[in-house]
Amino acid sequence: MGGSSPCASCKLLRRRCAKDCIFAPYFPSDDPLKFAIVHKVFGASNVSKMLQELPEQQRGDAVNSLVYEANARGRDPVYGCVGTISYLQNQVSQLQMQLAVAQAEILCIQMHQDKSYFLQNDLLNIPIPNANSFNKESLYGHDMVS
Amino acid sequence: MNSSRCAACKHLRRRCPSDCIFAPYFPSNNPRRFAYVHKIYGASNVGKILQDLPVSCRAQAADTLCYEAYCRIKDPVYGCAGMVSVLHQQLNVAECQLATVKAEVAAIRNDSAALTVPTWFD
């Protein structure tokens, strides 16, 4: 019975895949492209150093983000991930502007409704009662005598 | 004559040739810039990336490589990809907020169309 197959990194680097190979958990042999792109952009040696400097529980996330950045750089050799960041920041700004416009529209509609309501009050000539002028004499013209 | 080496060649401790690929983008007065990219990408990979690009694009590529390297040094787990993730979340939140406010605008418009003036003398 032969040993386990080398990971994608060791296959590409043409070396024996040690039991404690730092790449093996994250670059399985069934996905050779994943390591290929990371190696092309960052270099195996640099990736190894970066992973070794991290606690084990963070290495999976680190590899995923390195693969993401390497793919972005592969698609866009000039701007890489920074191009994506720039695009998303622009999208967020545009949405925030649209949000501000929509919120201002609500305020305008509400102010218009309030104004219309008070204008209609004036047209009906309804006096606004004054507490000081409200007494029985003014209503009945004389004191009520039972 | 004392010809000054670029930051890359100083860091790599080598002679800086007249056609050095790094010299236009890694001047000697900013050694950190090259130190960052060298730590993350390696001089050889940076050189290959720049060589494969037309000259007109290389300055921009060098800047973005420096930025990504700096982000990776600051955040060794997520690097620049972390910022992309945060921005996607912000985008989702902003889209939801906009949809809510637009629905509110539509509702208010419907209400104001149906609004009748109260008549107190009926």
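This is a predicted model: local features need pLDDT of at least 70, side-chain atom pairs count only at pLDDT 80 or more; totals for chains, interfaces and linings use all residues.
Tutor: Three helices each supply at least two residues to the lining of the largest pocket: H2 (32–41) and H4 (56–75) of chain A, plus H3 (43–51) of chain B.

Student: Okay, how much space lies in the largest pocket?

Tutor: Start with what lines it: chain A gives residues including A:Ile37, A:Arg73 and A:Pro77, and chain B gives residues including B:Asn45 and B:Leu53. The space in that pocket comes to about 260 Å³.

Student: How many residues of the lining are charged?

Tutor: Go through the lining by class. Among its residues are A:Lys40, A:Arg73, B:Lys48 and B:Asp52. Five residues of the lining are nonpolar and two are polar, while the charged ones number four.

Student: Moving to helix H4 of chain B, how far does it reach from its first C-alpha to its last?

Tutor: This helix covers residues 55–74, so 20 residues, and at 1.5 Å a residue the expected span is 28 Å. The model comes out close to that, at 29 Å.

Student: B:Glu68 is in that helix. Is it buried or exposed?

Tutor: Buried means under 20% relative accessible area. B:Glu68 has 0% relative accessibility, so it counts as buried.

Student: Which side chain makes a polar contact with the side chain of B:Glu68?

Tutor: Look across to chain A, where B:Glu68 touches residues including A:Glu69, A:Tyr79 and A:Arg73. One of these also lines the largest pocket. The polar contact, at 3.1 Å, is with the side chain of A:Arg73.

How values were computed:
Residues are numbered from 1 along each chain as its sequence is written. Chains are lettered from A and ligands numbered from 1 in the order in which they are written. Side-chain values use heavy atoms; hydrogens and water are left out. On a 1 Å grid over the protein atoms alone, a cavity is a set of points where a 1.4 Å probe fits but cannot get out, and a pocket is an open set with protein on both sides within 12 Å along at least five of seven lines; lining residues have an atom within 4 Å of a point. Grid points are joined across faces, edges and corners, and a volume is the space filled by probe spheres set on the points. Helices (H or I, at least four residues) and strands (E, at least two) are DSSP runs, numbered from the N terminus. Ala, Val, Leu, Ile, Met, Phe, Trp, Tyr, Cys and Pro count as nonpolar, Asp, Glu, Lys and Arg as charged, and the others, Gly among them, as polar. Buried means under 20% relative accessible area, exposed over 50%, partly exposed in between (1.4 Å probe, protein chains only). A polar contact is a pair of N or O atoms within 3.5 Å; within protein, one must be able to donate a hydrogen and the other to accept it, and residues adjacent in sequence count only if both atoms are side-chain atoms. Contact means heavy atoms within 4.5 Å. Lists of a residue's contacts leave out its neighbours within four places in sequence.
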